[in-house]
Structures are given as structure tokens and as C-alpha cells.
Number of protein chains: 2
Amino acid sequence: MITIAVDAMGGDHAPRSEVEGSVLAAQEYGVRVLLVGQPNVIRAELARHSPPTVPIEIVPASEVITMEDHPAQAFRRKKDSSVHVGARLVKDRVADGFVSAGNTGAVMTTAKFIMGTLSSVDRVALAAPFPNARGGVSVLLDVGANVDSKPEHLLQFGVMGEIYYRVTFGSRKPRVGLLSVGEEEIKGNELTRAVYDRLKALPVHFVGNVEGGDLFSGKVDVIVCDGFVGNIALKICEGLAMEVMKFLRKTYKSSFASQVGYLLSKGAMKGIRQTMDYSEYGGAPLLGVRGVCVIGHGRSNANAVKNAIRVAAGLARARINERIEQELSLTQVKA
Amino acid sequence: MITIAVDAMGGDHAPRSEVEGSVLAAQEYGVRVLLVGQPNVIRAELARHSPPTVPIEIVPASEVITMEDHPAQAFRRKKDSSVHVGARLVKDRVADGFVSAGNTGAVMTTAKFIMGTLSSVDRVALAAPFPNARGGVSVLLDVGANVDSKPEHLLQFGVMGEIYYRVTFGSRKPRVGLLSVGEEEIKGNELTRAVYDRLKALPVHFVGNVEGGDLFSGKVDVIVCDGFVGNIALKICEGLAMEVMKFLRKTYKSSFASQVGYLLSKGAMKGIRQTMDYSEYGGAPLLGVRGVCVIGHGRSNANAVKNAIRVAAGLARARINERIEQELSLTQVKA
């Protein structure tokens, strides 16, 4: 049975969403869940659910990392945080994967240092799944595990993202694109131009450069970029989705005070929020660490936590890291 | 009287929108307009408007640059295009500014080569105005005139963007931010970290790093980034706005077949499209060329063309290039 450690203390709605999502995942997916955090708090939440047949256990961790904590400091100073303990459970092979909706920077830093990096990988990458216009999912990586990247790093992102996509979204031959400022091969900056030909030579289905709008067009499944660009892209999407919702709310309230208008706007807004929220797609995996680590959005509700556990269990079951090591070792993409 | 040359052949709705927008601008702003393009086509459109008192003239140009034309090739091969002739009118001081809603790449390339670059400027920058959540406008630059930038280029973008903002949006002390992946000074890539301290030392009101979501938050007025990041950001916004509209249309049509639902969605969609469209804010000026050049979106309607003429006339009237030369010469930001 696959065992997933869940950070019960991270996320805006912790531990409620984390505990509820864990119970749902244990019921639906047949995984064993280790809830990591302050036992009394977790126990109180568990008392609200937990049919006796569900395999959920508590692993104590006394400290909590907040959204305000500085990632590197949180890693160094809070050695008994739920993030630290959860990552160690994976490192020690007690758990097959770790899920957290806490401070993304702190989870990335801690997972990287505690689990370590795969031998064929130079830089880990955070991969964010997005809904696209064709009703499918596109994955953007890296969305912020790194700031400055070498061509070799982007090549590794391409291979890792492709494997993650195959394993998680059931596509046999995902289309891989390189995020740039024009479709022609010569379009792009120094980095993307150095990557283009080498990505074409890799055993992935590389379809060429894509532009910003293709994050949503569904033209490609996996979109490769450096973490600086990817993080800005992700934050733009979140910011814009929020503004669109505010705008709709205002528009409807000002022009139609009626109940009908309000109900309409509520439905549409919920739809947009869900459509834009990568938690609905199982959170963002940190690829390249020696273990499985899936990071949910701080806003994660129980359903998002459940989905993240499902994705983490799927990555563990598929032995994603063995595949990454194998495929990358066949290529010459070490920096 | 300020004279603005307008590319009558560029844009998806040319020459209809260009001619109508020019007539409106001449009436409302007291500018003289030179409509550049194929005289017979322009004359036929003009016949639909043109009260005899409006100062509009036709300047012949036999060739048309399409959206499919390659920028550098269009510049080299179509020497009698409306873009070429329009840029030359500014170069020869027949016109005070040039407005085009045509092929953005071709207009940038042609304007840069024909008008030349200001002596204190290393790289020209395309500045895109966006609506923000506080009901104001934020400007992002560069959105695609360059791909790889040095720190000095970004510093020049900051100074040019600040002056453009002051002249166009009437703010005395616009807040300038640097687009990055976190607010702290140490956050960012090699480029932004090299820019941060030097931007702080310039005579602009630098408020620090901003994130992707701040394109819309209204926290800053001028957002500086390199053209690769800026172009991807712009395309994401356009793509996302389009998807949101499609999503709304589908949501309403599927759940409410009623006339009320459809009307509601139409109004909201139009609002979002207008809110996201920088043409509503007068197009995107190409800053740093020796002349005034404002580029509208291909979709520009008559109102967008009118606004672009207003902005171009305002920049010419304020002698923006003298200000840029003066302020940049006081700083040490030549590459």
C-alpha cells in the first residue's frame, strides 16, 4: 500500500482541509496517510471524520511554518516543523510521497535539502498544471524553483515534465513546447535559442516555440521555461483571474441588482476560480527531488488536498524518479 | 498645429477604422492628420465622413505590409509601404508623430531604422498600458522591442516609462516597480538583482520589486522588465482574457438559455475585452526612437485609433524626446 505523508499544518485552511482531504483520499484511493503536525490539533479534526477502517496515522511535529516565514530560515531554524518531518519521512522511506499546501518556498527548500536531488538532475523544477481551452491540462515548468537557468536545466525540465505528464494525465506522447516570443526557431532570447535545437534532439515530442497565449490554447501539453519567467507567468494568471472575478462582481452588482444577476455571477465566478486553480489538478509536483513532493496552493480546500494525495500516490506508484534517472542518463544534458 | 501621420493600411479593420478614427481625432483634438496609404482606397472611405473643415490630407504609399510579413523583410523590401512612408514623414519633420495598428514587429523595425534612436538611449522599448484594480492605468515595458537586455537597458526603460507616464496619464510622481519573483531586494534573477540598486539611485520614484500579479493591482504605475518577459506577460493577458470570455459564453449558454443570461454575458464580455485592451488607453508607444511612434492593436476600432492619435499628439506636444535626452544625460546609464 502506498503511504503519503501530508503536512497537516500548512495551507490557509489547515488542519481542517488537510484532514478532510486525507480522509477522502484514504477512502477513495486506498492509500495510507500520515498526518504530520501537532497531534492534539490533528486529533480534534480527525474526530470529526475517520471511520475506524481508514488507514490514517498521526506523526508528531511540534513546529509550524507560516506563509510569512523565510524559506531558508524556516528550513534552518524550524527543524521540527511539519514540513521538515514530512520530508524526512520520505527520505527515510517511511512514506512514498509528501504533500503540503504550506509556504511554497519553504516546502521547496526543505524538500530539496532533505530529500536531495536525483543524480541525473542539476536543478529541481516546480511544475504547475493549468486547464486549457481544449478541455485538457497543460503543464508549465519551472514556475519558481530557480531564477537563473542554463540550457541544460531547461532540457532536464522538458524531460521531467514530459514524464510527469505521461504518468499523471495519461497521454502517451505529450507535446512539449518551449515558451518564447514567437514560433519561429530564431525567435527567443539567448537561453531559448540555445535550448531549441537540443530539445529537438531529445526523445520527447518537441513541437517548437509557443507564446504566452499558448498556456491556455491547448496547443501543447508541457511548456518549458526558466523559473523566473514561469513564476511571473503563474502570478499573472492568479492576479488576472482575481481581477476578472472582482470586475464581474462589480459589473453585475452595478447594472443588475436583481437576484438573478447575482446568482449568475456567483456561478461564473466559482467556475473561473476553479478553472484557474491548479489545486484542482492535484497541485504542483517538485520534480527532480529524490522522493515525491507535491505542493498545493495555500487556498487548497479538502478536494484539492485529496487530489494532491492522488497525484503523489500516482507518481510514487509509477516510480517516476526511476524513469527520470533512466531517461536522463540516456541523454547528455548534465550541466 | 500638431500633425500626426496615420498608417491607413494597417490593422484588421483598415482603412475604415483608421479613417474614422482620424476624422474623430481631427474634430475633437484639433490635430492635423496625414492619412498614409493607397489614395483611392482612403478617398473612398473619407467620402463617408470628412466635413470640409477637418484638416485631413492623404499621403500616397503604394505598398501594404500585412500581419504575415516578416518585420525585417517588410522593412527592406517594401520601401513604399504605408509604414515606411509614415515613419519617413516623422523623420523629415513633416509630421510630429506616427500612429499604426499594423504589424507590430514591422512598425517597430521600420520606425527604429528610419527615425533612428535617441543619442542617450541604447535600446528602444515598447510600453503597454494596462487597466489596474484601482481604476487607473499601469504601464509595462519593454513588451517586445528586445529579447536580451543589459541592466543599463532596463534603467533606460525605467526613465523613459516614467516620463511617458507623467506626460500621458497626468501623474506627477509615478511609482516605478521592477518585475521580479518576490518583493525583497535579493529576490530576482541576475539581471533584476543588477538593476535594483541602480534603479534606486535614479531620479525616479522606485518602489522596489513587484510580482506578476501587480500588473493589475495598481500598486505601481510603471513596471520595468526585459522584452522577453514583457512580451510573454502581454500574450498571457491577451490569451487569458480571450479564454475567460469563451468560458463565460459557454457557461451562460449551457446553464441559462434565457435571453437575460445571454445579454448579461454579452455586457460582461464586452467590458472585459475593453478593460484588457490597451488600445482603449491609446496604444503602445515605442519609446526611445527619434520621433513619436504609437502602435495600436491589430483589432483597433475607430475609437482606439482616435485615442492613439491623441496620445501621439500629447507626446509630441510635451516634447517627450527632449525630456528623455535631458533626464538620461544626467544619469550614467549608457551601456
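What percentage of the 335 residues in chain A do buried residues make up? In this predicted model, buried residues account for 59% of the chain. Chain A has an average pLDDT of 90, with 90% of its residues scoring at least 70, and for the complex the predictor reports an ipTM of 0.91 together with a pTM of 0.92.

## Architecture of chain A

The secondary structure of chain A consists of twelve helices and eleven strands. Among contacts in this chain between residues at least 6 apart in sequence, 72% link residues that are at least 24 apart. The domain assignment divides the chain into domain 1 (1–121 + 288–321) and domain 2 (125–277). Ten residues from domain 1 of chain A and ten residues from domain 2 of chain A take part in the contact, and on the domain 1 side helix H11 (residues 302–317) of chain A gives the most, with three residues.

Eleven strands of chain A build an open sheet with mixed pairing, in the order E3-E2-E1-E4-E11-E10-E5-E6-E9-E7-E8. Strand E3 (56–60) and strand E8 (205–210) of chain A stand at its edges; each has a single partner strand, and therefore one side of each is left without a neighbour in the sheet. From one strand to the next, the twist averages 25 degrees. Within this sheet, strand E1 (residues 3–7) and strand E2 (residues 32–37) of chain A pair in the parallel sense over five bridges, with A:Ala5 standing opposite A:Leu34 in E2(A).

Helix H6 (residues 151–169) of chain A packs on the sheet and touches strand E5 (125–131), strand E6 (137–141), strand E7 (175–179), strand E9 (222–224) and strand E10 (284–287) of chain A, its direction making about 165 degrees with that of E9(A). Helix H7 (residues 190–201) of chain A also packs on the sheet, where it touches E7 and E8 of chain A and makes about 165 degrees with the direction of E7(A).

## The nonpolar core and its surroundings

In soluble globular proteins, nonpolar side chains tend to be buried together. The largest nonpolar core here has 222 residues, of which A:Leu126, A:Ile309, A:Ala312, B:Leu126, B:Ile309 and B:Ala312 touch the most other members. Because domain 1 (1–121 + 288–321) and domain 2 (125–277) of chain A both give residues to this core, it lies between them. When neighbours within four places in sequence are left aside, the contacts of A:Leu126 include A:Met108, A:Leu141, A:Val143, A:Ala284, A:Leu286 and A:Ile295.

A:Lys112 belongs to helix H5 (residues 104–115) of chain A, and this lysine counts as buried because it has 20 C-beta neighbours inside 10 Å. Leaving aside neighbours within four places in sequence, A:Lys112 is in contact with A:Thr117, A:Val124 and A:Val289.

## Enclosed elements of chain B

In chain B, five of the six residues of strand E2 (residues 32–37) are buried, so this strand is largely enclosed by the rest of the structure. Strand E1 (residues 3–7) of chain B pairs with E2(B) in the parallel sense over five bridges, and B:Asp7 stands opposite B:Val36 in E2(B).

Helix H4 (residues 82–91) of chain B is likewise largely enclosed by the rest of the structure, because nine of its ten residues are buried. Among them are B:Val83, B:His84, B:Arg88 and B:Leu89. The buried residues of H4(B) pack against E1, E2, strand E3 (56–60), strand E4 (97–100) and helix H5 (104–115) of chain B. After H4(B) comes B:Arg93, whose phi is positive, near 60 degrees.

## Backbone geometry

Most residues other than glycine have a negative phi, and most peptide bonds are trans. The table gathers several exceptions.

| Site | Feature | Value |
|---|---|---|
| A:Ala14 and A:Pro15 | cis peptide bond | omega about -5 degrees |
| B:Ala14 to B:Pro15 | cis peptide bond | omega near 0 degrees |
| A:Arg93 | positive phi | about 60 degrees |
| A:Arg319 | positive phi | near 50 degrees |

A:Pro15 lies in the loop between E1 and helix H1 (16–29) of chain A, and B:Pro15 is placed in the loop between E1 and helix H1 (16–29) of chain B. A:Arg93 occupies the loop between helix H4 (82–91) and strand E4 (97–100) of chain A and counts as exposed, with 9 C-beta neighbours inside 10 Å. A:Arg319, in the loop between H11 and helix H12 (320–329) of chain A, counts as partly exposed, with 14 such neighbours inside 10 Å.

How values were computed
Residues numbered from 1 in each chain as written. Chains lettered and ligands numbered in written order. Predicted model: local features only at pLDDT ≥ 70, side-chain atom pairs only at ≥ 80, totals over all residues. pLDDT = per-residue confidence, 0-100. Core = buried A, V, L, I, M, F, W, Y, C linked by C-beta atoms within 7 Å. Buried ≥ 20, exposed ≤ 12 C-beta atoms within 10 Å, placed from the backbone. Domains from an automatic or database assignment. Contact = placed C-beta atoms within 7 Å. Pairing = 2+ DSSP bridges. Helix = DSSP H or I, 4+ residues; strand = E, 2+ residues; numbered from the N terminus. Axes fitted to C-alpha atoms, helices over the stretch in contact; angles between N-to-C directions.
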